[in-house]
Amino acid sequence: MINLQRRVAIIGAGVGGLSQAIALKTTLGFNNFTIYEKASEVGGVWRANTYPGCSSDVEIHWYSLSSDLNPHWNKSHGLQPEIQAYWVKLSKKYNLYPHITFNTKVLSAEWDDAKQQYTIVAEDVFSGRRTSSVAHVVISAVGILEAPKIPYEIPGVRKFQGTSFHSAQWPGSIDLQNKRVAVIGNASSGAQFVPSISEDPSVEVVNFIRTPIWFNSRPHIPYSDTEKWIFANIPLAMRLHRAWIMFWFDFPSIVRPSDKTLKKRREAMTKYILDNAPSRYHDHMIPNYPPGCKRTVANSGFLNILHRPNLTLNFDGIADIVENGIITKTGEMLPFDVIVYATGFIGERYPMHVRGLNGATIQGYYDAHGGPTAYLGTAVPGIPNFYLLAGPNTGTPTSTLFVEEVQIGYILQLIEPILSGSASSFTVKASPTDAYNAKVQERLSRSVFMHCYSWARTNGTGKVFNPFPWAVTLWWWWLRKPNWDHYVAVGAEKWVWARRRKAAKNILKCAAVLTLLWPYMSGPVHRTWRQTICDW
């Protein structure tokens, strides 16, 4: 029985927050929740990233909600407008809009241990008006791509008098025709939009690259009408297709490639880049770190368009940004009308103040442990009833949505006793959190992630805080159910007795079955069989 007085707050209306809300409704039948969203629409990264060519890196049938597979995706990898429309449709289907407070940024969440609830302070992003509310459970769905990173370490970033913006804040009204455009960065985002903006020959594009990246071939293959019909009408066809994608992505993590295989892979990726890039760039295009240390970028046209006369790659480095352009480290002054920063996101700082027991804070815990740290990437010691989606060390080369769905199933088990009123709070213990993260970091210390400067490491070279260093199948196995011994429960007498009663019932059921089977097991043959089993 759900206690209607209990309330859940979800921070963020991206794919994680929406999936969590849908699960609250469909799995627990719980409706007393609010989603706080700083923007004016749902979708998260798919609402924010509207740059040309934005698409999913993972095949779209695995980047779909497991309860709402879509047989009508146009290609193997979804484009931003199609993915955004999918999440808007789901939000309407499950009537989530009445639960969402738009244009509202959560500033803080502070735990009141006497009342066993959080006080949440939020701010209207337009008026600045602040409001306060309470919640018994808070779920953070802000993800790791919440705060765009502008490289203020480059001198003069604020001096530029032209138009400048981060790729995650692409202006819908921007017209690049007849403009000189500087693109700083060439990882996932830059490699997606540079082919689109350079398609117009009147746009002169210079892509500044500090560190080359590894590319692989990941063509966007259209689904035929026949395939869509099969997905829509043949039972299990779409789920088998999804399962095959999962296996294909996860297999390299299940069976570790040999050194010989890794060497061949690096040689093949090198050849792929050199075969597609113009010879004038060959000396600069091959990374000096092994594949996998940074995110491998799907070549959705970037290498193929490097021959365009209006596109130049610049590897000289940026010395200064001035009012009308960029000065390279060779002293060359290049004038620009527009600068686009494809420079990633800030991942090592939690974006809001959260205080739990005895003054504990999430950022304080991160700092004390050398960077973002959590138990199973989901719970933080000293912070009761607060759960992270896509938290520390949850990054995989597979589907982020699948990772979050696994977390959501785990979180539902933790919060169901809270929402039913049979417990007040659960707080993860420090010792299992330390043990888990020691295992994670030991594994990472022997991994490819240690061989390069990366945003996924504290200050670029410190603790590796983003990747999950095993197969996503293991992730699912570890989070299939909570280890309740790893949590401190408060006000949980009803819940404890309910668990004991359930355990006693299971024992009695087993005893009854054994009693009924005993006459058949007591014969000579069965005694021998039973003895064999016992000896084993």
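Analyst: Let us begin with a definition: a cavity is a set of grid points where a 1.4 Å probe fits but cannot get out, and its lining residues have an atom within 4 Å of a point. Please keep in mind that this is a predicted model. In this structure, the second largest cavity is lined by Ser 55, Ser 56, Asp 57, His 77, Ser 188, Gln 192, Arg 218, His 220, Val 297, Ala 298 and Ser 300.

User: What volume does the second largest cavity have, and which elements each supply at least two residues of its lining?

Analyst: The volume of the second largest cavity is about 50 Å³, and the elements that each supply at least two lining residues are α4 (188-197) and β12 (297-299). Sorted by class, this lining has seven polar, two nonpolar and two charged residues.

User: How many cavities of 30 Å³ or more are there, and how much space lies in the largest cavity?

Analyst: The count comes to two cavities of 30 Å³ or more, and about 210 Å³ of space lies in the largest cavity. That cavity is lined by 22 residues, of which Gly 143, Ile 144, Gly 347, Tyr 366 and Ala 390 are the closest to its centre. Its lining divides into 14 nonpolar, six polar and two charged residues.

User: Now for the helices: at what angle do α1 and α3 pack, and how should I describe it?

Analyst: The general idea is that angles under 35 degrees count as roughly parallel. Helix α1 (residues 15-26) and helix α3 (residues 80-93) pack at an angle of about 25 degrees, with their axes 11 Å apart, and α1 and α3 are therefore roughly parallel to each other. The crossing in which α1 passes α3 is left-handed. On the α1 side, Val 15, Leu 18, Ser 19 and Ile 22 meet Trp 87, Leu 90 and Ser 91 of α3, a contact with five nonpolar, two polar and no charged residues.

User: How do α1 and α10 cross, and which residues of these two helices meet?

Analyst: The axes of α1 and helix α10 (residues 400-419) come within 10 Å and cross at roughly 45 degrees, so the two helices, α1 and α10, are oblique to each other. Here α1 passes α10 in a right-handed crossing. From α1, the residues Val 15, Gly 16, Ser 19, Gln 20, Ala 23 and Leu 24 meet Leu 401, Glu 404, Ile 408, Ile 411, Leu 412, Ile 415 and Leu 419 in α10. By class, the contact of α1 with α10 divides into nine nonpolar, three polar and one charged.

How values were computed. Residues numbered from 1 in each chain as written. Predicted model: local features only at pLDDT ≥ 70, side-chain atom pairs only at ≥ 80, totals over all residues. Heavy atoms only, no water. 1 Å grid on protein atoms, 1.4 Å probe; cavity = no way out; pocket = protein on both sides within 12 Å on 5 of 7 lines; lining within 4 Å. Points joined across faces, edges and corners; volume = space filled by probe spheres on them. Nonpolar A, V, L, I, M, F, W, Y, C, P; charged D, E, K, R; others polar. Helix = DSSP H or I, 4+ residues; strand = E, 2+ residues; numbered from the N terminus. Axes fitted to C-alpha atoms, helices over the stretch in contact; angles between N-to-C directions. Parallel < 35°, antiparallel > 145°, perpendicular 65-115°, else oblique. Left-handed = near helix turned anticlockwise from the far one by under 90°. Contact = heavy atoms within 4.5 Å.
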